[in-house]
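Q: Can you walk me through this one? I'd like to begin with the ligand and then go on to the sheets.

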Amino acid sequence: MNGMRPPVLETERLRLRPVTLDDAPAIQRYFGTWAVIQHLSTQVPWPYPPDGALRFLEDTLLPDVAAGKCLFWGITLKGERPRPVGGEPEQFSCEGEGASERPPEGERARPVGGEPEQFICEGEGASERPPENQVVGAVHYRDGDGPKGNRGFWLAEHLWGRGLMTEAVVAVQDYLFFERGIERMIVVNSIDNPASRRVKQKTGARLLGTVQVQHHHGGDATSERWEVTREAWAEFRGR
Ligand SMILES: CC(C)(COP(=O)(O)OP(=O)(O)OC[C@H]1O[C@@H](n2cnc3c(N)ncnc32)[C@H](O)[C@@H]1OP(=O)(O)O)[C@@H](O)C(=O)NCCC(=O)NCCS
């Protein structure tokens, strides 16, 4: 892999961009949680150190990206215009279907109840959306043949189940297969991680078999190993 920084990838709801040291606080907040790390291999430290994200970026990730050893995208949510409620453009709801995703102008989001991922619009109700351009997840790709495969991903827990990672993976695989011209990637998940399995099933992966990788949750180390080929991806995407 040459040393090119990953390009910005845009999807309907997401902007995937390179990360910098400035992203360390957001990565610390959203990645350094048991909900995310329990599904990862024991190479990731747990308990996650208070400077875990900064150390990872500074000592490992950014040097590896600069050396062309891996591609890493921070996932950010595209800004959405607040939707007016009841035809009154000045009124916004922070709850339910008609929720505006950002607090109305002049109101600051503040953390609620010790849950760093959740925000509330003062006096209005809950809004989960962190500020635009904040990294709320990541996808990375590495060449090579390690037991953990070539690609990994994570997303802040409060955003799970909305199809966001599937959307991110489609963009990354389009880029890797069609623009960088890779032939094949291997992706791996614990058998105890149905969400990760499902993302693979929704993004053209074919199950090859199992491999042993110890994960933090301490359950069965058996992990599923999948393959995505350029040919299969092209067919999946109708190209
Ligand atoms: C894996 C992860 C990235 C998925 O992100 P996401 O944005 O929620 O993924 P999507 O919404 O695109 O797809 C998730 C799918 O899993 C399904 N799913 C979630 N939990 C499930 C469960 N317990 N059993 C069965 N299916 C489940 C969802 O219903 C959805 O499938 P659907 O669209 O067919 O309904 C996220 O859960 C995460 O960050 N987990 C922690 C870190 C991690 O596990 N990383 C991968 C390591 S291999």
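**Ligand shell and sheets**

A: By class, eleven nonpolar, seven polar and two charged residues make up the shell around the ligand. Here Ala, Val, Leu, Ile, Met, Phe, Trp, Tyr, Cys and Pro count as nonpolar, Asp, Glu, Lys and Arg as charged, and the others, Gly among them, as polar. This is a predicted model: local features need pLDDT of at least 70 and side-chain atom pairs count only at pLDDT 80 or more, while totals for chains, interfaces and linings use all residues. Residues are numbered from 1 along each chain as its sequence is written.

Q: Which residues are the closest to the ligand?

A: His 39, Met 165, Thr 166, Pro 194 and Arg 198 are the closest, out of 20 residues that surround the ligand. A residue counts as near if its C-beta atom, placed from the backbone, lies within 6 Å of the molecule.

Q: And which elements each supply at least two residues of that shell?

A: Strand E8 (151–155), helix H4 (164–179) and helix H5 (194–201) do. H5 gives the largest share, five residues. Helices (H or I, at least four residues) and strands (E, at least two) are DSSP runs, numbered from the N terminus.

Q: OK, H5 then. Which of its residues are buried?

A: Ser 196, Val 199 and Lys 200 are buried in H5. They sit on the same side of H5 because they cover an arc of only 100° around the axis, the arc being that of the directions from the helix axis to the C-beta atoms. Pro 194 and Ala 195 are exposed, on the face turned away from the buried side. The cut-offs: buried is 20 or more other C-beta atoms within 10 Å of a residue's own, exposed is 12 or fewer, partly exposed is in between, with C-beta atoms placed from the backbone.

Q: What do the buried residues of H5 pack against?

A: H4, strand E9 (184–190) and strand E11 (222–229). Contact here is C-beta atoms, placed from the backbone, within 7 Å.

Q: What's the strand order in the sheet with E9 and E11?

A: E9-E11-E10, an open sheet of three strands with antiparallel pairing. E9 and strand E10 (206–212) each have a single partner strand, so one side of each is left without a neighbour in the sheet. Two strands pair if DSSP finds at least two bridges between them. E10 and E11 have six bridges, and Arg 206 has Glu 227 as its bridge partner in E11. H5 packs on this sheet, its direction making about 155° with that of E9. For angles, axes are lines fitted to C-alpha atoms, for helices over the stretch in contact, and values run from 0 to 180 degrees between N-to-C directions.

Q: Switching over: what order do the strands take in the five-strand sheet?

A: E1-E2-E3-E7-E8, open and antiparallel. The edge strands are E1 (9–10) and E8.

Q: How many bridges join E3 to E7?

A: Six, and Ile 75 stands opposite Gly 137 in E7. Ile 75 is also the bridge partner of Leu 16. Further along, Val 139 stands opposite Phe 153 in E8.

Note on methods: Two residues are in contact if their C-beta atoms, placed from the backbone, lie within 7 Å.
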